[in-house]
Amino acid sequence: MPHYDGRPHVLILGGNFAGLACAQKVRQYVGDRARITVIDRKSYLLFIPNIPADVFEDRNPALHQRMDLVPILAKDDIDFIHGEVTAVDIAARNVTFRPAERGGAEDHVEHYDYVIFALGARLAYDRIEGFAEHGHTVSDLYHGEKLRRYLNTRYAGGPIAIGSARFHQGDGADGLEPYPGGSIPRALAACEGPPVEVMMSMATWLKDRKLGGPENVTVFTPAPMIAEDAGEDVVKQLLTLATKMGFNYWNNTQDVTRLTADAIEFADGRTLPAEVKIIFPDWVAHDFVKGLPVSDSEGFIKTDLLMRNPDHPEVFACGDCAAVTVPKLGAIGHQQSDIIGLQLGKIFGTVDAEKADVPLKPEVLCIGDMGDRKAFWLHSNSWFGGDRQILKMGRVPYFLKMRYRDMFFAADGKVPAWGLDAAELIAEGL
Ligand SMILES: Cc1cc2nc3c(=O)[nH]c(=O)nc-3n(C[C@H](O)[C@H](O)[C@H](O)COP(=O)(O)OP(=O)(O)OC[C@H]3O[C@@H](n4cnc5c(N)ncnc54)[C@H](O)[C@@H]3O)c2cc1C
């Protein structure tokens, strides 16, 4: 259990990519000047990006994509509470949580000097009528395994549809300028690298089993252009390739309104016939975060580009729950965790202001599996006002995707900066 030793307490809510990285970065930059605690409702890190590859390569993702958090945090003297956070009192600096291992547990309160929200988002499948009966997805172990089993045992050869429901972005990042003249634009889909990845892998899966190919697959988006945050040039290249390969593409669907046994109904009035419906839903804020004095109009945590709430400087946010994280990508959360570590270093007097006060310049970095041991590497910042748009495809990005997971696990999540630089050099120097 947490010890009370008089040091200021940094409390991190959530322990997946953003929470783990923040905990480790704060320890790295602050040393032993702070007591650090992570609270999460599960005690392992879920390596979400590699679930689709497991599904399409016929492996149960539950056996490969989990990393035990508790011993890893303990190596850095970081306490872990296996608990469900139920409330945050910003004025009193208190977090209420309930121990999560058994049902029926009582509430506890943990006080903080600094809090880092790293709670991700609710993936709102429960808001899509018919999803439970007729939908599939790959965003967690249960759904990934359910899809793997369906494809291998029940797939009847019908059409396959893959795409996103409408994302409702709040106003929390309005007015921020990450690059000169740029902005954090409003997105209509939360994260569209995965639908593109799944569409490519699905076609390979069909071809390998002689069940068809790209012509059986339709990818759809609520936006005028899929993955618009990846940059127009990159997406045009991807779409030209996808059209040549024979994929079907529906844009401007506005939202998913209902799934039935054999179709998807969209808010624009169209209906797409589909046996398999692989959906990425709205990413919504957790209910208890909505209405907090640090939350935006949709419940995402408002920060500046140093990841600090402008009205409550003891509050930070990182990853998918932060209003500035658009699209909702782990790679952006990774950049933010370093900024938060440095900011706390500045506060604790271990890092000088010049080094710490370097604002976020978000970059979309996505390695998407394409099946057949190939992947695409997408690296871009043009959507935010930068000038980078890079797309590479082939076996090298696939190798990097798989090795990145291995390196992440082997290094307890602390992928060294040179690891990312080397990946960039290898992928982009091709
Ligand atoms: C199929 C797929 C593929 C993807 N591929 C990529 C990719 O290639 N590259 C990339 O950068 N991103 C990718 N992403 C996005 C990436 O997975 C997310 O951006 C990333 O997981 C966000 O990390 P996070 O820590 O902010 O949130 P999460 O990973 O959602 O973690 C939030 C944590 O908070 C905990 N939590 C939530 N509520 C509570 C509560 N009330 N009490 C206690 N704990 C709580 C959860 O248990 C969880 O551990 C992909 C996403 C999907 C779905």
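1. The model is a predicted one, in which local features need pLDDT of at least 70 and side-chain atom pairs count only at pLDDT 80 or more, while totals for chains, interfaces and linings use all residues. Residues are numbered from 1 along each chain as its sequence is written.

2. The protein chain holds 11 helices and 21 strands, these being DSSP runs numbered from the N terminus (helices H or I, at least four residues; strands E, at least two). Its radius of gyration is 21 Å, close to the 22 Å that the globule rule gives for 430 residues, so the chain is as compact as a globular protein of that length; the radius is taken over C-alpha atoms, and the rule is 2.2 Å times the number of residues to the power 0.38. Along the principal axes, the C-alpha atoms fill a box of roughly 65 × 50 × 40 Å.

3. An open, antiparallel sheet is formed by three strands in the order S19-S20-S21, where pairing requires that DSSP finds at least two bridges between two strands. Strands S19 (364-371) and S21 (389-394) stand at the edges with a single partner strand each, so one side of each has no neighbour in the sheet. From one strand to the next the twist averages 10°, with axes fitted as lines to C-alpha atoms (for helices over the stretch in contact) and angles running from 0 to 180 degrees between N-to-C directions.

4. Within that sheet, S19 is joined to strand S20 (residues 374-380) by seven bridges, and Asp369 has Ala375 in S20 as its bridge partner. Helix H7 (residues 232-245) lies across S20 and S21, and runs at about 30° to S21; contact here means that C-beta atoms, placed from the backbone, lie within 7 Å.

5. A further open, antiparallel sheet has three strands in the order S13-S14-S15, and its edge strands, S13 (256-260) and S15 (271-273), each pair on one side only. Strand S14 (residues 263-266) pairs with S15 over three bridges, with Ala263 opposite Pro273.

6. The ligand is surrounded by 34 residues, of which Gly14, Asn16, Pro49, Gly120 and Gly319 are the closest, a residue being near if its C-beta atom, placed from the backbone, lies within 6 Å. Elements that give two or more residues to this shell include helix H1 (17-30), helix H8 (330-348) and S19.

Note on methods. Contact = placed C-beta atoms within 7 Å.
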